[in-house]
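Let's take a friendly walk through a protein structure, one topic at a time. Keep the picture open while you read.

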Amino acid sequence: MEAIKAQVRERESGNYVRELRRKGWVPAVVYGTDVSNLAIQIEGRALDAALRTQATNKPFRLVVDGQEHDVMVYELQRHPLAGNILHADFKAINMNEKIHTTVPVLMTGDPELGVATLVRHSVEISCLPGNIPESFTVNVDGLNIGDVLLVQDLEIPAGVDVGLDSMELLISILPVKAASEESLDAAEDAAETAEAAGSTEESKKV
C-alpha cells in the first residue's frame, strides 16, 4: 500500500490556503467513521508521485504527523488548465471491512473484423480494500463483427464480488460505419464549389 506523509492544517482562511498552494502544498480533508473532518496538507509532488504509482480506486496510507490512517481517494479537484491538484478529499476506511467501489474496464488487442466498442467503462464491485483490482483488462484479439463480451468473461479475482448480472454487456464488435449519404453529398458540393472557384480565378487571369 502506498504511503503518503501529511501534516495537520491548522487554519482555513482563503489566504492561508492560497499561500499553501504557492509553496507546493495541497490542502486536503480526511473524514470517516473514526475521523471527523481532519484538515491536512500534503506536499504536491509526493501526492502526484503516489497517484502515478497506483490507481486512485485502491487504498492509500496517510501518515499525518506520525498517525496512520488507511484511506481511499474520494475526490480530487484539479486546475482546469494546468491539471495540478488543488484539493483532495480522503475517506478513512477499515481494511477488514468490505467496501463498494468501481473498477475501470480496459481493452487490449484488435478485432479480426470490425471495431471494438466499450459499452461499460467501469464495473461495480465489493470486496476488502486490499483486494481491489486496479482494472479489468479484456483482450479483443481475433473477435469478429457481432461478437460480444459479457461480465461473465471477466477474470475476477478471488474475494471480489461484482455488482452486475453475469450477462451484462461489456464490449460489442460492430461494423465500421460507412460515411453517410449526407456526408458524401456535402463532400461533392464542396468539391464542385472549389472547382467553380478555380475556374473563376483562371478567367480573371485571362
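Here is a short briefing on the sheets, an aromatic pair, the cores and one histidine.

This is a predicted model, where local features need pLDDT of at least 70 and side-chain atom pairs count only at pLDDT 80 or more, while totals for chains, interfaces and linings use all residues. Residues are numbered from 1 along each chain as its sequence is written, and side-chain values use heavy atoms, with hydrogens and water left out. Helices (H or I, at least four residues) and strands (E, at least two) are DSSP runs, numbered from the N terminus.

**The barrel**

- Six strands make a closed barrel in the order 1-3-2-6-5-4, with mixed pairing; two strands pair if DSSP finds at least two bridges between them.
- On average, neighbouring strands of this sheet are turned by 45 degrees against each other, direction ignored. Axes here are lines fitted to C-alpha atoms, for helices over the stretch in contact, and angles run from 0 to 180 degrees between N-to-C directions.
- Strand 2 (residues 25–31) pairs with strand 6 (residues 85–92) in the parallel sense, over four bridges. If you want to spot a bridge there, find Val29, whose partner in strand 6 is Asp89.
- Helix 2 (residues 44–53) packs on the sheet and touches strand 1 (2–8), strand 2, strand 3 (38–43), strand 4 (60–64), strand 5 and strand 6. Its direction makes about 85 degrees with that of strand 3.

- Strand 7 (residues 99–108) runs parallel to strand 10, with four bridges between them. Look for Val105, whose bridge partner is Phe136, and Met107, whose bridge partner is Val138.
- Strand 7 and strand 9 run antiparallel and are joined by six bridges. His100 stands opposite Ser126 in strand 9.

**The aromatic pair**

- The structure holds one aromatic pair (rings of Phe, Tyr and Trp, using its six-membered ring, pair if their centres lie within 6.5 Å; planes under 30 degrees apart count as stacked, over 60 as edge-to-face and the rest as tilted).
- The rings of Tyr31 and Tyr74 have centres 5.9 Å apart and planes at 80 degrees, so they are edge-to-face.
- Tyr31 sits in strand 2 and Tyr74 in strand 5, 43 residues apart, so the pair links distant parts of the chain.
- Tyr31 is partly exposed, at 23% relative accessible area, and Tyr74 is exposed, at 55%. (Buried means under 20%, exposed over 50%, partly exposed in between, with a 1.4 Å probe and protein chains only.)

**The cores**

- The largest nonpolar core has 23 residues, and Val123, Ile125, Ile132, Leu154 and Ile171 touch the most other members. (A nonpolar core is a set of buried Ala, Val, Leu, Ile, Met, Phe, Trp, Tyr and Cys residues joined through side-chain atoms within 4.5 Å.)
- Strand 7, strand 8 (115–118), strand 9 (122–127), strand 10 and strand 13 (169–174) each give two or more residues to this core.
- A second, separate core of 20 residues includes Ile4, Phe60, Leu62 and Val64.

**One histidine**

- His69 lies in strand 5 (residues 67–78) and is buried, with a relative accessible area of 10%.
- Not counting residues up to four places away in sequence, His69 touches Val35, Leu38, Phe60, Arg61, Leu62 and Val64 (contact means heavy atoms within 4.5 Å).
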